[in-house]
Amino acid sequence: MATMESLIVTVNRIQRACTVLGDHGGDTSLPTLWEALPSVVVVGGQSSGKSSVLESIVGRDFLPRGSGIVTRRPLVLQLHKTGQGVQEYGEFLHLPKKKITDFSMVRKEIQDETDRVTGKSKQISPVPIHLSIYSPNVVNLTLIDLPGLTKVAVEGQPDSIVQDIENMVRSYVEKPNCIILAITPANQDIATSDAIKLSREVDPTGERTFGVLTKLDLMDKGTNAVDVLEGRAYQLQHPWVGIVNRSQADINKNVDMIAARRKEREFFATSPDYGHLASKMGSEYLAKILSKHLESVIRARLPSITSLINKTIEELEAELSHLGRPVAVDAGAQLYTILELCRAFDRIFKEHLEGGRPGGDRIYGVFDHQLPAALRKLPFDRHLSVQNIRKVVSQADGYQPHLIAPEQGYRRLIDGALNYFRGPAEASVDAVHFLLKELVRRSIAETQELKRFPTLQAEIAAAANFALERFREESKKTTLRLVDMESSYLTVDFFRKLPQEVEKGGNPTSSSADRYAEGHFRRIGSNVSSYVGMVSDTLRNTIPKAVVYCQVREAKQSLLNHFYIQVGKKEGKQLAQLLDEDPALMERRQLCAKRLDLYKSARDEIDSVSWAA
């Protein structure tokens, strides 16, 4: 088993690391180790004797004194037992390796360090002060002294101070690993004790609470606190301990704490009321049972703390991996980073197009649904109505009516019909352009590495959209050229076959008598409609080819080519601007890195504990 000293010292080291790295609980945005560590928290009302109890346990007069709220920051007091003959000294975490042997200077440093954070006002702060005391007259123990509970604000304090102090105290004592040292003066009704009231709320079974009665020597003559100390007035699962503090006269006379301890032992040994309890009373006994209990709690909680540490290390490492490494300052490394980020985006964009991710199928939907539907809706019925055909043919003939077949009329009708194909062709180009822009937006959003760099995201989006605009213009030219090509040269074989097919059907070629009859115009409309249908089938196949070639294929092959050229011309400062991270993300990475250091340090501390077989 690990020794008691090694367990408590290990937790002491982890607590100090917590404070150095900014973990003192209350921050829900990051995992906290501070709140998982077992600790003894001293709770009591103002003037309950908290300071005297702590000084009795330490055996030194070292805490600030005065009226009102004296303790305005949590004081983490770590006691380390040394060998006999070793000089006592105190050491603050914020003054590493500075040994203070004059304990009046320890008191002054506590006051100065409190004022450094809270100012000279009566404000309080949750940031703890860490003080280690090395002495042969202490046991290995860690105590956390908190501001005294109060019922009214004094001059210079905000109205919220009463609730602020209670909230701070409650944040410590609510932790399941917290051992509560509830300080109550014996000359006060236990039912009105601030410390007992709060401990009852957070620890109703009394499993975590040690009750301490102070000022037993100041009770009214003829009264005693035996019922409380023997657990009849208010029962806890741990025994009550009585304490006799130094009197104000002793403090004024600078009676040292060793002498005060001796007087305390004499008080209980000679008291007719408490003599039978003398072996379990006093500050020395309190320190011993607290140290033993703290060691047992640490021993019981250590496996779960270790598990929490290992689990949190994995989570923090995963988050840091997700957040990415800090940006390099070298221009070459920055250029490499930018190109790698662009490739990551380009890879995801291609996955969308090629089916690895959703979205590319919608482009096929343009060709398979949208384009055919648009072609079917073209107003050929109106264009090839008998009335319009008569009008077009008549206008094409001019003053000289056609002799055999109205060729000019045919050409004008076909040109007019084919012109309608321009609309669906352009619509297909625009629809695919819109989908490609949407895929660019989605690909940027899905490129996790890019989330760190909003400026680079915007630059890539702008460059990609600029390229897509160029592809769209080229695609429009090409698709409209396909339509124009159909108009510029008609398929002669189609029309040469028409008379033959009529003759095979047994219907003679129309005579000049019915050349302007309705049936004649209907046959013209039917012929033109058949030809336009043939062209429609052709364009239905060729428009998608042109769109894919000019837009999709180019987007896959050269979406960021122009951007790569421009980036290659940038200087170091301009590259750094592209890699200007979101400040919130930079702060998050720093916080996670610090917290990861804390958890790894804690793991090393626990691993270093020597276990005996």
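Colleague: Which residues does phenylalanine 345 touch, not counting residues up to four places away in sequence?

Modeller: This is a predicted model, to start with. Phenylalanine 345 touches Val440, Ser443, Ile444, Thr447 and Leu450, and also Ile460, Leu559 and Leu560, leaving out residues up to four places away in sequence.

Colleague: What are the residues with the most contacts inside the largest nonpolar core?

Modeller: Phe345 is one of them, along with Phe349, Phe421, Leu456, Ile460, Leu559 and Leu560. That core has 67 residues. Helix α18, residues 518-558, gives the most to it, with 12 residues.

Colleague: How many bridges link β7 and β8?

Modeller: 2 bridges, in the parallel sense; β7 covers residues 209-214. Valine 212 has valine 241 of β8 as its bridge partner.

Colleague: β1 keeps coming up. Are its residues buried or exposed?

Modeller: Buried: 6 of its 6 residues. Ser39, Val41 and Val43 point one way, while Val40, Val42 and Gly44 point the other way.

Colleague: What stands opposite valine 41 in β6?

Modeller: Isoleucine 180. β1 and β6 run parallel, joined by 6 bridges. In β5, valine 41 stands opposite isoleucine 144. The β1 and β5 pairing is parallel too, over 3 bridges.

Colleague: What holds paired strands together in general?

Modeller: Strands of a sheet pair through backbone hydrogen bonds, parallel or antiparallel.

Colleague: New topic. Why is helix α2 described as largely enclosed by the rest of the structure?

Modeller: Because 9 of its 9 residues, 50-58, are buried. They include Lys50 and Glu55, as well as Val53, Leu54 and Ile57. Just after α2, glycine 59 takes a positive phi of about 85 degrees.

Colleague: How many disulfides does the structure hold?

Modeller: 0 disulfides.

Colleague: What about cysteine 178, buried or exposed?

Modeller: Cysteine 178 is buried, because its relative accessible area is 1%, and the cut-off for buried is under 20%. Cysteine 592 is buried as well, at 0%.

Colleague: Last one. Where is histidine 383?

Modeller: In helix α12, residues 380-383. Its relative accessibility is 12%, so histidine 383 counts as buried.

Colleague: What does its side chain reach at 2.9 Å?

Modeller: The side chain of histidine 383 reaches the backbone oxygen of leucine 413. Histidine 383 also touches Asn388, Gly416, Ala417 and Tyr420, again not counting residues up to four places away in sequence.

Note on methods. Residues are numbered from 1 along each chain as its sequence is written. This is a predicted model: local features need pLDDT of at least 70, side-chain atom pairs count only at pLDDT 80 or more; totals for chains, interfaces and linings use all residues. Side-chain values use heavy atoms; hydrogens and water are left out. Two strands pair if DSSP finds at least two bridges between them. Helices (H or I, at least four residues) and strands (E, at least two) are DSSP runs, numbered from the N terminus. Buried means under 20% relative accessible area, exposed over 50%, partly exposed in between (1.4 Å probe, protein chains only). A disulfide is a pair of cysteine sulfur atoms within 2.5 Å. A nonpolar core is a set of buried Ala, Val, Leu, Ile, Met, Phe, Trp, Tyr and Cys residues joined through side-chain atoms within 4.5 Å. Contact means heavy atoms within 4.5 Å. A polar contact is a pair of N or O atoms within 3.5 Å; within protein, one must be able to donate a hydrogen and the other to accept it, and residues adjacent in sequence count only if both atoms are side-chain atoms.
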